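These are my notebook entries on a structure that I looked up residue by residue. The sequence and the structure come next, and the entries follow.

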Amino acid sequence: MYQDGQARNLFFIKFINKLNEEVTLKLKVEGSETMSFYPSDEVKLDANEMKNTNILINSIDAGRGLGKSEKISVGIYLNNELIEVRKTTFLYPRFLKQEQK
């Protein structure tokens with residue numbers, strides 16, 4: 001998806017909390033200053049909860065990868081400690097629609 005000069009990709013993620021307490025996980029695109037999670041980078045899980053969720057990753061540099069894809073690593077943090085890294089691919093738009101005047 002391309003909007004307002006930014007590219008967004010929708011990802012389906014399954015989280016499983018095996019702890020007997022509520023946790024808040026923080027997500028981060030490792031090594032990128034132009035990508036972030038939209039609208040929030042936090043996921044709250046109750047004790048022993050399994051949650052399926054859709055999350056958007058937003059790139060403010062949509063023109064950089066026009067028509068390309070980029071391998072990214074998503075870091076999952078608990079209490080500011082990295083607990084897991086997952087790799088995926090971010091797809092940029094094939095073209096940018098010209099604004100009509």
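**Entry: Thr53.** I looked up Thr53 and noted that it is buried, with a relative accessible area of 19%. I used the term as follows: buried means under 20% relative accessible area, exposed means over 50%, and partly exposed lies in between, with a 1.4 Å probe and protein chains only. Thr53 is in strand β6; strands (E, at least two residues) and helices (H or I, at least four) are DSSP runs, numbered from the N terminus. Leaving out residues up to four places away in sequence, I found Thr53 touching Phe11, Phe12, Ile13 and Phe15. Contact here means heavy atoms within 4.5 Å.

**Entry: source of the values.** I recorded that this is a predicted model, in which local features need pLDDT of at least 70 and side-chain atom pairs count only at pLDDT 80 or more, while totals for chains, interfaces and linings use all residues. Residues are numbered from 1 along each chain as its sequence is written, and side-chain values use heavy atoms, with hydrogens and water left out.

**Entry: Asn9.** Is Asn9 buried or exposed? I noted that Asn9 is buried, because its relative accessible area is 11%. Asn9 belongs to strand β2, residues 6–16. Its side chain reaches the backbone nitrogen of Leu91 at 2.7 Å. I also listed what Asn9 touches, apart from residues up to four places away in sequence: Ile55, Leu56, Ile57, Thr89, Phe90 and Leu91.

**Entry: salt bridges.** How many salt bridges does the structure hold? I found 2, where a salt bridge is a side-chain nitrogen of Lys or Arg within 4 Å of a carboxyl oxygen of Asp or Glu. One of them joins the side chains of Lys26 and Asp41 at 2.6 Å, N to O. This pair links distant parts of the chain, 15 residues apart: Lys26 is in strand β3 (residues 23–29), and Asp41 is in the loop between β4 (35–38) and β5 (42–45). Lys26 is partly exposed at 36% relative accessible area, and Asp41 is partly exposed at 24%. I then noted a salt bridge between the side chains of Glu84 and Arg86, also 2.6 Å from N to O. Glu84 is partly exposed, with a relative accessible area of 34%, whereas Arg86 is exposed, with 53%.

**Entry: the largest pocket.** I noted that the largest pocket holds about 510 Å³ of space. Elements that give two or more residues to its lining are β2, β3, β6 (50–59), β7 (69–78) and β8 (81–91). On a 1 Å grid over the protein atoms alone, a pocket is an open set of points where a 1.4 Å probe fits, with protein on both sides within 12 Å along at least five of seven lines; lining residues have an atom within 4 Å of a point. Grid points are joined across faces, edges and corners, and the volume is the space filled by probe spheres set on the points. The lining of the largest pocket has 24 residues, and Ile13, Lys14, Phe15, Ile76 and Glu84 lie nearest the centre. Strand β2 supplies the largest share of this lining, 6 residues.

**Entry: Ile60.** I located Ile60 in the loop between β6 and β7. Ile60 is exposed, with a relative accessible area of 53%. Its C-alpha atom is separated by 6.7 Å from that of Ala7, 53 residues apart along the chain. Leaving aside neighbours within four places in sequence, Ile60 is in contact with Gly5, Gln6 and Thr34.

Definitions and conventions: A polar contact is a pair of N or O atoms within 3.5 Å; within protein, one must be able to donate a hydrogen and the other to accept it, and residues adjacent in sequence count only if both atoms are side-chain atoms.
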